[in-house]
Amino acid sequence: MVDASIKICCLIGDPVEHSLSPLIHNAGYEALGINFIYVSFRVKDIKRAIDGIRGLGIRGASVTMPHKVSAVEYIDDIDEVAREIGAINTIVNNNDVLTGFNTDGGAALKTLGEVTTLRGKRVVLIGSGGAALAIAVGLRRSGAELVVLNRTVEKARRLAKLVDAGDFGNLEKLPVVFTADILINATPVGMWPRADESLIPKELLHSGLTVFDIVYNPKETRLLVEAKEKGCAVIYGYKMLLYQAAMQFELFTGYQAPLPVMEHTLTEALGEERYDTSFDRR
Ligand code: NAP
């Protein structure tokens, strides 16, 4: 019920029109019967938006492109993981004190942890953008040996140095996948509408490999389809999306996220053609 005691949470980013976050969060509030609402704001000026969070007493915000890095400047506190990443995707407002978090890395680790262990495993991470950075920071203390590959080798070098990865390189080094236990695609390659693309030649996939594609639209990317055909274990990108939202939900509300309801809402939405997720829509 929308009354004067309702707590407001929001998404701030640009674009946000087709984001799935309002659906997932509101489904969770409804399932628990708690007086919260989640709305999205298309934001050009991040400073004014964060002033608005304070001024209006908004309880929490998800932060998406292009503000994940610049928002850090305007909050009061930042948790250790988000500080290490240098970017936030979550703001929690406790009595006007705004604290930033980054739930992407934790969500990726939880997603991986459901399917495989990490200690002693050789992980090839493709990409060196925002998502790859959050995942690499998450993997840093997992005991896995990390190899970072990226189209632009300089970015792979920087990321590898930041997280003490064992090796890095450009995409010519992709044959290292032969010796890997886990492969993570943290690039947009394979995302709708170019869903017929994959960076990883099928010949490099092998049955001992676990393949995690963080692209979530389509759910079955070409990489995951080919990985299944080669007998690999596969991990869907939508799970990471779900878990990062669930972690935000818990930070905002203090309640355990009702995962089955949120997952059902998300997968239903991803199955609908009206959701044109051709850009990052969290
Ligand atoms: P980003 O910061 O823009 O980084 C993109 C990365 O992909 C860069 O390393 C870039 O390489 C590489 N790349 C882009 N196009 C490429 C191509 N055609 N060939 C080879 N490499 C290419 O993006 P991001 O925020 O990290 O997001 C990456 C993807 O992950 C997006 O599809 C996003 O929707 C998805 N994502 C999913 C979740 C989830 O919860 N499942 C969470 C976050 C992001 P260069 O450095 O050479 O440009």
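Trainee: Leaving aside neighbours within four places in sequence, which residues is L183 in contact with?

Mentor: This is a predicted model, in which local features need pLDDT of at least 70, side-chain atom pairs count only at pLDDT 80 or more, and totals for chains, interfaces and linings use all residues. Residues are numbered from 1 along each chain as its sequence is written, and side-chain values use heavy atoms, with hydrogens and water left out. Contact means heavy atoms within 4.5 Å. With neighbours within four places in sequence set aside, the residues in contact with L183 are V124, I126, V177, I200, L205, L209, T210, V211, F212 and L223.

Trainee: Which residues touch the most other members of the largest nonpolar core?

Mentor: A nonpolar core is a set of buried Ala, Val, Leu, Ile, Met, Phe, Trp, Tyr and Cys residues joined through side-chain atoms within 4.5 Å. Buried means under 20% relative accessible area, exposed over 50%, and partly exposed in between, with a 1.4 Å probe and protein chains only. The largest such core has 75 residues, and those touching the most other members are L183 and I184.

Trainee: Which helix gives the most residues to this core?

Mentor: Helices are DSSP runs of H or I with at least four residues, strands are runs of E with at least two, and both are numbered from the N terminus. With 9 residues, the element that gives the most to this core is helix 8.

Trainee: Is I12 buried or exposed?

Mentor: I12 sits in strand 1. Not counting residues up to four places away in sequence, I12 touches F41, V43, I46, I53, A61, S62, V63 and T64. Its relative accessibility is 2%, so I12 counts as buried.

Trainee: How many Å apart in space are I12 and P66?

Mentor: In sequence, I12 and P66 are 54 residues apart. Taken from C-alpha to C-alpha, their separation in space is 9.4 Å.

Trainee: At what angle do helix 4 and helix 8 pack?

Mentor: Axes are lines fitted to C-alpha atoms, for helices over the stretch in contact, and angles run from 0 to 180 degrees between N-to-C directions. For helix 4 (residues 104-113) and helix 8 (residues 237-253), the axes are 8 Å apart and the angle is about 125 degrees.

Trainee: Which word describes how helix 4 and helix 8 lie to each other?

Mentor: Angles under 35 degrees count as roughly parallel, over 145 as roughly antiparallel, 65 to 115 as roughly perpendicular and the rest as oblique. The angle for this pair is about 125 degrees. Helix 4 and helix 8 are therefore oblique.

Trainee: What residues of helix 8 make the contact with helix 4?

Mentor: The helix 4 side consists of D104, G106, A107, A108, K110 and T111. On the helix 8 side are K239, M240, Y243, Q244 and M247.

Trainee: How do the residues of the contact of helix 1 with helix 9 divide?

Mentor: Helix 1 and helix 9 (residues 259-270) pack at about 145 degrees, with axes 8 Å apart. L23, I24, A27, G28 and A31 of helix 1 make the contact with V261, M262, T265, L266 and A269 of helix 9. Ala, Val, Leu, Ile, Met, Phe, Trp, Tyr, Cys and Pro count as nonpolar, Asp, Glu, Lys and Arg as charged, and the others, Gly among them, as polar. The division is 8 nonpolar, 2 polar and no charged.

Trainee: Is the crossing of helix 8 and helix 9 left-handed or right-handed?

Mentor: Helix 8 and helix 9 pack at an angle of about 135 degrees, with their axes 10 Å apart. A crossing is left-handed if the near helix is turned anticlockwise from the far one by less than a right angle, and right-handed if clockwise. For helix 8 passing helix 9, the crossing is right-handed.

Trainee: What is omega for the cis peptide bond that joins W192 and P193?

Mentor: P193 lies in the loop between strand 10 (182-185) and strand 11 (210-213). A cis peptide bond also joins D14 and P15, with omega about 10 degrees. For W192 and P193, omega is about 5 degrees.

Trainee: What is the relative accessible area of N95?

Mentor: N95 is not a glycine, yet its phi is positive, about 50 degrees. N95 lies in the loop between strand 5 (90-94) and strand 6 (97-101). N95 is exposed, with a relative accessible area of 78%.
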